[in-house]
Amino acid sequence: MLLAPAAVQALQVAVVLLLSPVLSGAIARGEARLQGRRGPRVLQPYYDIIKLFGKETLAPEGASWFFLAAPVVAFTSFLMVPLLIPVLTNFPLPLGYMGDILGGGLILALGGFSVALAAADTRSPYAQLGSSRATTFGALIEPSVLFVVFAVALITTTDLPYAMAGVDRSSLAQAIRPAHLFAAVAFFLVVLSDTGRIPVETHTSTLELGMIDEARTFEHSGPALALLKWGSAVKQMVLYVILADVFAAPWGLAGSRQLGPVLLAVPILLGKALGVGAIFAVVDNSFSKLRLYKITEFMTGAFALSAVAVLVLYLGGG
Amino acid sequence: MLRYLVAAVPTPPSTFAGVTEALAVLVLLLVFVMLREALLRSQVRLYALQSLAVSALAGVLAASQHAAELYVLAGLSFVLKVVVVPAVVLHLLGEAEVDLAGSHRFGVATMVLVGVVASVFGFLAIGDVHLNPAGPGGLPVPALSAATATVLVSFVLVMFRADVVSQVVGFFSMENGVSVASLVLAARMPLILEVSFLFDLLVAALAFGVIMRAHHRRAASLSTETLDQLRG
């Protein structure tokens with residue numbers, strides 16, 4: 001059965017929407033096992049989200065309408081990105097050329113920006129602190145993102161995620177060329193920072209002093225908080241999918257719009273995302289969190305990697 | 001449309017060139033890690049790791065050019081640079097009983113950025129030298145650039161870090177950069193020349209060992225900052 005392109009595209013969004021909580025749950029479970037704890041149920045994030053949807057929404061006194069709109073804006077932006085990247089198919093769907101990697105990055109940044117703005121709107125010191133930190137570190141990691149995009153552009157002569165994945169698949173020499181490897185590792189570090197993982201942030205911590213991303217949602221409650229939590233799970237899955245399907249392992253995607261291959265791509269995608277998540281869980285348990293003022297060292301490391309990727313390419317080799 | 005896009009992509013380097021370049025760039029990246037590393041022992045271990053990459057590079061070149069003397073060189077450089085020299089320096093450090101020597105005169109981010117600028121200069125300088133890439137097996141120009149950048153960033157390490165161990169390791173990693181360059185440029189250099197480089201290194205290790213001990217005995221520290229106070 002041949003699916004309509006729009007149906008496949010909708011399925012891409014639905015898969016990310018519905019599977020992202022189980023990915024978060026599985027990673028939390030895996031981390032707990034690595035630390036010798038039993039850990040929460042894999043499906044726990046779903047229960048959390050359902051519970052929060054049943055609660056009332058409270059806004060701090062003096063907060064504007066944007067405080068309640070921001071979670072919706074962020075959630076919608078994060079869900080836009082699966083339209084642009086290879087999630088289930090290795091060929092671009094109708095809206096796939098709507099935006100390039102920079103466009104996807106812009107939409108992700110819009111989501112992050114609206115959450116930070118809402119946090120600044122609360123007048124709560126901790127939320128504002130989180131908002132200011134998230135914006136600062138987001139700006140510091142941005143040069144690495146740009147250089148990864150430059151590397152992709154030099155490799156593929158475009159900056160479309162589908163083209164990058166296609167080039168990776170085209171031959172082994174393309175997959176192991178140094179520029180691609182370094183850009184992939186630099187992007188891995190970017191994802192580490194963007195998903196609030198050790199060494200940048202302890203994502204399970206409740207200690208305000210070290211918080212960056214997590215502190216922004218302090219004042220939200222009820223359905224708004226549910227959307228924020230779900231949104232950050234979606235963002236995490238989107239970044240994992242980009243890492244796996246564009247840079248690291250763009251194999252196992254459906255080559256046609258037939259129902260069978262498309263459906264088969266779903267468990268393969270989940271498997272790849274879980275594999276990436278396992279690496280992140282191991283990294284989380286093997287390193288210690290950097291002091292806040294040392295985070296710049298991590299970011300310059302990522303920048304040096306991506307700069308080297310571009311330099312190697314610039315000489316016509318690499 | 002995607003097919004046309006992929007077809008228009010410039011061809012990647014061959015697998016051999018890719019591996020060579022990746023190893024050469026790994027050597028460069030390890031110098032960047034050395035810029036950051038605070039523990040003196042880890043600094044020496046990083047050097048051992050870097051030397052391992054250089055030995056692996058020699059091994060890859062030996063395999064691709066079927067050159068027996070390159071295998072010998074790879075083995076020798078493994079024994080000397082990965083095992084003997086780091087062991088000697090670690091032994092000296094064990095006697096000194098110092099783990100840390102406050103030596104970051106500048107922030108790590110500043111050092112890395114200066115290092116990035118230095119390596120950009122190295123890459124561009126070699127990029128302007130038009131080498132013939134059509135030699136036997138092809139000359140991996142980026143690997144040569146990475147080697148030049150390694151030498152320059154090692155200079156940054158020696159200049160910016162103020163402890164004896166970093167300066168020794170910086171000097172050694174400069175030698176690693178030169179080894180990569182000579183391997184890439186003229187892999188079939190007479191073995192006697194390559195081996196004389198290695199023995200040079202051994203002499204340097206001994207000389208630095210003596211300096212390290214003398215400095216530690218006099219200043220009770222491995223930081224070179226007190227040297228500023230010397231008056232003739």
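This is a predicted model: local features need pLDDT of at least 70, side-chain atom pairs count only at pLDDT 80 or more; totals for chains, interfaces and linings use all residues.
Colleague: How confident is the predictor in chain B, and what are the scores of the model?

Modeller: Chain B averages a pLDDT of 81, on a scale from 0 to 100. Of its residues, 88% score at least 70. The model scores ipTM 0.75 and pTM 0.86.

Colleague: What makes up chain B, helices or strands?

Modeller: Chain B has eight helices and zero strands. Along the sequence the pattern is α-α-α-α-α-α-α-α. Of the 232 residues, 44% count as buried. Among contacts in chain B with a separation of 6 or more, 78% join residues 24 or more positions apart.

Colleague: How do you know that the length of α8(B) agrees with a helix?

Modeller: Take the 29 residues of α8(B), residues 191–219.

Colleague: Which residues of α8(B) are buried, and what covers them?

Modeller: B:Glu194, B:Leu201, B:Ala205, B:Phe208 and B:Met212 are buried. Their cover includes α4 (68–96) and α7 (164–185) of chain B. Just after α8(B), B:Ala220 takes a positive phi of about 55 degrees.

Colleague: Why is α6(A) called largely enclosed?

Modeller: Count neighbours. A residue is buried if 20 or more other C-beta atoms lie within 10 Å of its own. Eight of the ten residues of α6(A), residues 161–170, are buried, so the rest of the structure largely encloses this helix. The buried residues are A:Pro161, A:Tyr162, A:Ala163, A:Met164, A:Ala165, A:Gly166, A:Val167 and A:Asp168.

Colleague: Why are α2(A) and α9(A) called roughly antiparallel?

Modeller: Helix α2(A), residues 44–53, packs against α9(A), residues 222–248, at about 155 degrees. The cut-off is over 145, so the pair is roughly antiparallel. Their axes are 7 Å apart.

Colleague: Which residues meet there?

Modeller: From α2(A) come A:Pro45, A:Asp48, A:Ile49, A:Leu52 and A:Phe53. They meet A:Gly222, A:Pro223, A:Leu225, A:Ala226, A:Lys229, A:Trp230 and A:Ala233 in α9(A). This contact divides into nine nonpolar, one polar and two charged residues.

Colleague: How many residues join the two chains, and which element of chain B gives the most?

Modeller: 31 residues of chain B are in contact with 31 residues of chain A. On the side of chain B, the elements that give two or more residues are α1 (2–7), α2 (15–36), α5 and α6 (141–160). α2(B) gives the most, with ten residues.

Colleague: What kinds of residue make up that side of chain B?

Modeller: It divides into 23 nonpolar, six polar and two charged residues.

Colleague: Why are α11(A) and α5(B) called roughly parallel?

Modeller: Helix α11(A), residues 295–314, and helix α5(B), residues 108–128, pack at about 5 degrees. Roughly parallel needs an angle under 35 degrees, so the pair qualifies. Here the axes are 9 Å apart.

Colleague: What makes this contact?

Modeller: α11(A) brings A:Thr296, A:Glu297, A:Thr300, A:Ala304, A:Ala307, A:Leu311 and A:Tyr314. The residues of α5(B) include B:Val108, B:Val112, B:Val116 and B:Phe123. The contact divides into eleven nonpolar, four polar and one charged.

Definitions and conventions. Residues are numbered from 1 along each chain as its sequence is written. Chains are lettered from A and ligands numbered from 1 in the order in which they are written. Helices (H or I, at least four residues) and strands (E, at least two) are DSSP runs, numbered from the N terminus. A residue is buried if 20 or more other C-beta atoms lie within 10 Å of its own, exposed if 12 or fewer, and partly exposed in between; C-beta atoms are placed from the backbone. Two residues are in contact if their C-beta atoms, placed from the backbone, lie within 7 Å. Axes are lines fitted to C-alpha atoms, for helices over the stretch in contact, and angles run from 0 to 180 degrees between N-to-C directions. Angles under 35 degrees count as roughly parallel, over 145 as roughly antiparallel, 65 to 115 as roughly perpendicular and the rest as oblique. Ala, Val, Leu, Ile, Met, Phe, Trp, Tyr, Cys and Pro count as nonpolar, Asp, Glu, Lys and Arg as charged, and the others, Gly among them, as polar. The expected span of a helix is 1.5 Å times one less than its number of residues.
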